[in-house]
Amino acid sequence: MGILRVDQAELKGKRVFVRVDFNVPLDEKKEITDDTRIISSLPTIRFICGAGGKVILASHLGRPKGKRDPKFSLAPIAERLSKLLGKGVSLAPDCVGEEVRGQIERMKEGEVLLLENLRFHQEEEKNEETFSKDLASLCDVYVNDAFGAAHRAHASTEGMTRYIQTVASGFLMMREIESLEKALVNPQKPYVAILGGAKVSDKIGVIRNLQNKVDTLLIGGGMAYTFLKAKGFSIGKSLVEEDQIGLSLRLIEGAKGKIKLILPSDHIAAERMDVQARREIVTNEKIPSGWVCLDIGPETVKIFLEEILSARTIFWNGPMGVFEMEPFSQGTFAIARAVADSQAFSIVGGGDSVAAVNQAGVADKIGHISTGGGASLELIEGKKLPGIEALRKDG
Ligand code: AMP
């Protein structure tokens, strides 16, 4: 695939800039509530330390909108990373500038320095040239392990790579690319894609691309109701994107004779979106006016399960219902368990579907859990990701 991996690069004594995704959730007390992203980056960091590189870590955190804001400081992350690594991690006062340069000059082999939030500079998201050159001047080797940010052409994911001879992927990034390409390039058949979540408009590109690749497309979640309305069903007060109805109908027509596009046939409908509200299992023809459909029903689960259990490749993005509320979570959890039970190579991406497989306790039975929802969708959509393309040159 023409991409160097970190363990194929010469690292000893080198200043190694590693773009990581430390954009972790923090609570009001600035405590990290989920450190999965930090843990995922440890193999790459440990490897570079062990190989005698000087590790310069860089990440964004939240949306400080190009201004220095202590609320978005990476200080809590430096502390957690230090605990996880079992060694000191210094936090630089900024991500560019003379002071940072001095700190890097004093680094010894195997030491770790975390740069301050890249997005304290608006030039980062603007992929500005001088800022890219400033970042590049801090290092000898560039490593990208931030798959979750690979669909953005920012200075730290794309711009700076133009000014560095040796660029490589980290272990996490490489695993993401290899797993997703397995589903893209030569998927074993039957290939079943499951799409859910709130919006059709977010997933149009993926649906279009998948129509030429998959054998079966299962659509659930809030987005299913735009399709059902397009087919002429009364959907009550269920979620709908009126401006996507025409397109949904064209997608349904386009799928005919090519792939199986399966929509829900029954639902958990409720008087309103509330755990206390009256609810009922209803078929497409019997959705009460004024009610909302908040999960797929048992008949739909059964039909979806048959497809999932006979698949050889599965791609899943987006929950089947409002799974955050217990009464409407059964459809999503049933799908999570079935994806885990199937013999298929399965890929699950997107924060909510990943949360569902974690909550269902089946994460270890999934072929690949993608750390980047948006990035994995864009890759499956057939787009070239700037952060990955930037790595395709000889080291
Ligand atoms: P997305 O970010 O597009 O993947 O959407 C995820 C969100 O879709 C979750 O917060 C779900 O609660 C929501 N969702 C799933 N199914 C439905 C539904 N039937 N009605 C309303 N919201 C839904």
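Is Leu 391 buried or exposed? I began my notebook with this residue, in what is a predicted model, and I found that Leu 391 is buried, because its relative accessible area is 0%.

**Entry 1: Leu 391**

I looked up where Leu 391 stands in the chain, and I found it in the segment after helix H14, which covers residues 386–389. Next I asked which residues touch Leu 391 once its neighbours within four places in sequence are left aside, and the list holds Gly 2, Ile 3, Tyr 142, Asn 144, Val 167, Ala 168, Ser 169 and Met 173. I also noted a pair that is separated in sequence: Leu 391 and Thr 157 are 234 residues apart along the chain, while their C-alpha atoms are 9.4 Å apart in space.

**Entry 2: Glu 124**

I turned to Glu 124, which belongs to helix H4, residues 122–126. Glu 124 counts as buried because its relative accessible area is 0%, and the cut-off I needed for this step is that buried means under 20%. What does the side chain of Glu 124 meet in a polar contact of 2.6 Å? I found that the partner is the side chain of Ser 156. With neighbours within four places in sequence left aside, the residues in contact with Glu 124 include Arg 19, Phe 131, Leu 135 and His 154, and Ser 156 is listed there too.

**Entry 3: Helix H3**

I then checked helix H3, residues 98–105, and wrote down that Val 100, Gly 102, Gln 103 and Ile 104 are buried in it. I remembered a general point here, that an α-helix has 3.6 residues a turn, so residues three or four places apart point the same way. Which strands do the buried residues of H3 pack against? I found four named elements, strand S1 (15–19), strand S2 (54–58), strand S3 (89–91) and strand S4 (112–114).

For Gly 222, a polar backbone atom is 3.1 Å from a nitrogen atom of the ligand, and for Cys 293 a backbone N or O atom lies 3.0 Å from a nitrogen atom of the ligand. I also recorded that the ligand, taken alone, exposes 500 Å², of which the protein buries 79%. The ligand sits in the second largest pocket.

**Entry 4: Pro 190 and Asp 215**

I looked up the peptide bond from Lys 189 to Pro 190, and I noted that this bond is cis, with omega near -5°. Pro 190 has its place in the loop between helix H6 (171–185) and strand S7 (191–195). Asp 215 is 25 residues from Pro 190 in sequence, yet the two are 5.8 Å apart in space, C-alpha to C-alpha. Asp 215 itself lies in the loop between helix H7 (204–210) and strand S8 (216–219), and I count Asp 215 as partly exposed because its relative accessible area is 29%. Leaving out residues up to four places away in sequence, I found that Asp 215 touches Lys 189, Pro 190, Tyr 191, Ile 259 and Lys 260. With Tyr 191 there is also a polar contact, in which a polar atom of the Asp 215 side chain lies 2.6 Å from the backbone nitrogen of Tyr 191.

**Entry 5: Ser 370**

I found Ser 370 in the loop between strand S15 (368–369) and helix H13 (373–380), and Ser 370 counts as buried because its relative accessibility is 4%. Its side chain reaches the backbone nitrogen of Gly 372 at 3.3 Å. Among the residues that Ser 370 touches, when those up to four places away in sequence are not counted, I noted Phe 147, Glu 176, Leu 180 and Ser 376.

**Entry 6: Two lysines with positive phi**

Last, I looked at Lys 30, whose phi is near 60°, a positive value in a residue other than glycine. Lys 30 lies in the loop between S1 and helix H1 (36–50), and Lys 30 counts as partly exposed because its relative accessibility is 41%. I then turned to Lys 65, which is not a glycine either and has a positive phi of about 55°. Lys 65 has its place in the loop between S2 and helix H2 (75–85), and I put Lys 65 down as exposed because its relative accessible area is 69%.

Technical notes: Residues are numbered from 1 along each chain as its sequence is written. This is a predicted model: local features need pLDDT of at least 70, side-chain atom pairs count only at pLDDT 80 or more; totals for chains, interfaces and linings use all residues. Side-chain values use heavy atoms; hydrogens and water are left out. Buried means under 20% relative accessible area, exposed over 50%, partly exposed in between (1.4 Å probe, protein chains only). Contact means heavy atoms within 4.5 Å. A polar contact is a pair of N or O atoms within 3.5 Å; within protein, one must be able to donate a hydrogen and the other to accept it, and residues adjacent in sequence count only if both atoms are side-chain atoms. Accessible areas come from the Shrake-Rupley method with a 1.4 Å probe; for residues, only the protein chains shown count as cover. On a 1 Å grid over the protein atoms alone, a cavity is a set of points where a 1.4 Å probe fits but cannot get out, and a pocket is an open set with protein on both sides within 12 Å along at least five of seven lines; lining residues have an atom within 4 Å of a point. A molecule sits in a cavity or pocket if more than half of its atoms lie within 2 Å of its grid points.
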